[in-house]
Amino acid sequence: MADVLVGAARLSGIDASGAVSIRNGSNAIYELHGGIVARIGKVGSSATAEREILVSQWLNHAGIPTVEAIPSVPQPVVVDDRPVTWWRLIPDHRASTPEELGGMVRRLHSLPPPMAFELPIFDPLVGIRDRIVSAATINHDDRSWLIEHYTILEKQYDELSNPESPCVIHGDAWQGNLVVPQSGIPIVLDLDKVSLGRREWDLIQIAVDYTDFRRITEGEYRSFVSAYGGYDVTSWPGFRVLADIQELRWVTFALSLTEASGNAADQARHRIACLKGEVARPWKWSAL
């Protein structure tokens, strides 16, 4: 990944010396000199990277403060079929509170879709089965159970009633993707999954943080519900379907990292045990 960063920086005239890794997950993210953040996408994801820049411009214009791409640099730059984009660093920030997140999601869901470009339709099941099948570090029994679990959830998801009209969703709405700098104005991060979809998907992560993990208190969850406008997704009949899909996504994310990380392998086994009912809620899953 470092070679991709160096190559992209050379093409863009950016100094990548002393780059510091911030995160290496679905995207690799580095902090560079001059308040620049490099975001390296997955192989073949150039179209997604191009759309991220358009989404950033659109949301900022619509009054939802969002991480900003560096305007003076042509982007994305593609190296080894990986898109690299350049963004302004947001210094000295904290993760949002549940209340702040609820307010942002409410504003986002109220926006009409952009006219200048097209957003994709969000599918929460994309990639899950492939990750299960390709996982190299799980045994036959766990793989078979996960595939069966996925198949059941796929059927249940298909049976959910369709929303009358999909709305603009973030696609990965959790407190770490809305950060608050010293100005006190929350800023939206990670725009690659901004799509059209059912609003409940953006409410699921924080709901299971409360119901299944107890990462937040009841009061914090109620503040999120209130800021969103009073709608509590845990009372929606399809809640458990989306909750189970989200948690399976988190399991398969761990599986995707297991060949490179023993910690991820241990965490994947623990998460699978939780889904299988071998560990009682509230669960404790380590970040990866």
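Visitor: Which residue is the bridge partner of Ala95 in E8?
Guide: This is a predicted model. In it, 2 bridges join E6 to strand E8, residues 178-180, and the two run antiparallel. The bridge partner of Ala95 in E8 is Val179.

Visitor: In what order do the strands of the 5-stranded open sheet come?
Guide: Strands of a sheet pair through backbone hydrogen bonds, either parallel or antiparallel. Here the pairing is antiparallel. The twist averages 25° from one strand to the next. The order is E1-E2-E3-E5-E4.

Visitor: How many residues lie between E1 and E2 in their hairpin?
Guide: Strand E1 (residues 20-24) and strand E2 (residues 28-32) run antiparallel, joined by 4 bridges. Val20 stands opposite Glu31 in E2. The number of residues between E1 and E2 is 3.

Visitor: Which residue of E3 stands opposite Leu32?
Guide: E2 is joined to strand E3, residues 36-40, by 5 bridges. These two strands run antiparallel. Opposite Leu32 stands Ile36.

Visitor: Which strands does H2 lie across?
Guide: H2 spans 46-61. The helix runs at about 20° to E5. The strands it lies across are E3, E4 and E5.

Visitor: Are H6 and H8 roughly parallel or roughly perpendicular to each other?
Guide: Helix H6 (residues 201-211) and helix H8 (residues 239-256) pack with their axes 9 Å apart, at an angle of about 80°. Angles of 65 to 115 degrees count as roughly perpendicular. H6 and H8 are therefore roughly perpendicular.

Visitor: How many residues of the contact of H6 with H8 are nonpolar?
Guide: H6 brings residues including Trp201, Ile204 and Val208, while H8 brings Phe239, Leu242 and Trp250 among them. The contact also has 3 polar and 2 charged residues. The nonpolar count is 9.

Visitor: Which element supplies the largest share of the lining of the largest pocket?
Guide: The largest pocket has a volume of about 1,500 Å³. Of its 47 lining residues, the closest to the centre are Ser26, Asp172, Lys193, Arg249 and Phe253. E1, H2, E5, H4, H6 and H8 each supply at least two lining residues. The largest share, 5 residues, comes from H8.

Visitor: How many charged residues are in the lining of the largest pocket?
Guide: The lining includes 14 nonpolar residues. Another 18 are polar. The charged residues number 15.

Visitor: What is the omega of the peptide bond from Gln75 to Pro76?
Guide: Most peptide bonds are trans. The bond from Gln75 to Pro76 is cis. Pro76 lies in the loop between H2 and E4. The omega is near 5°.

Visitor: Where is Asp190 found?
Guide: Most residues other than glycine have a negative phi. Asp190 is not a glycine, yet has a positive phi of about 50°. Asp190 is found in the loop between E9 and strand E10 (195-197).

Terms used: Residues are numbered from 1 along each chain as its sequence is written. This is a predicted model: local features need pLDDT of at least 70, side-chain atom pairs count only at pLDDT 80 or more; totals for chains, interfaces and linings use all residues. Side-chain values use heavy atoms; hydrogens and water are left out. Axes are lines fitted to C-alpha atoms, for helices over the stretch in contact, and angles run from 0 to 180 degrees between N-to-C directions. Angles under 35 degrees count as roughly parallel, over 145 as roughly antiparallel, 65 to 115 as roughly perpendicular and the rest as oblique. Contact means heavy atoms within 4.5 Å. Ala, Val, Leu, Ile, Met, Phe, Trp, Tyr, Cys and Pro count as nonpolar, Asp, Glu, Lys and Arg as charged, and the others, Gly among them, as polar. Two strands pair if DSSP finds at least two bridges between them. On a 1 Å grid over the protein atoms alone, a cavity is a set of points where a 1.4 Å probe fits but cannot get out, and a pocket is an open set with protein on both sides within 12 Å along at least five of seven lines; lining residues have an atom within 4 Å of a point. Grid points are joined across faces, edges and corners, and a volume is the space filled by probe spheres set on the points.
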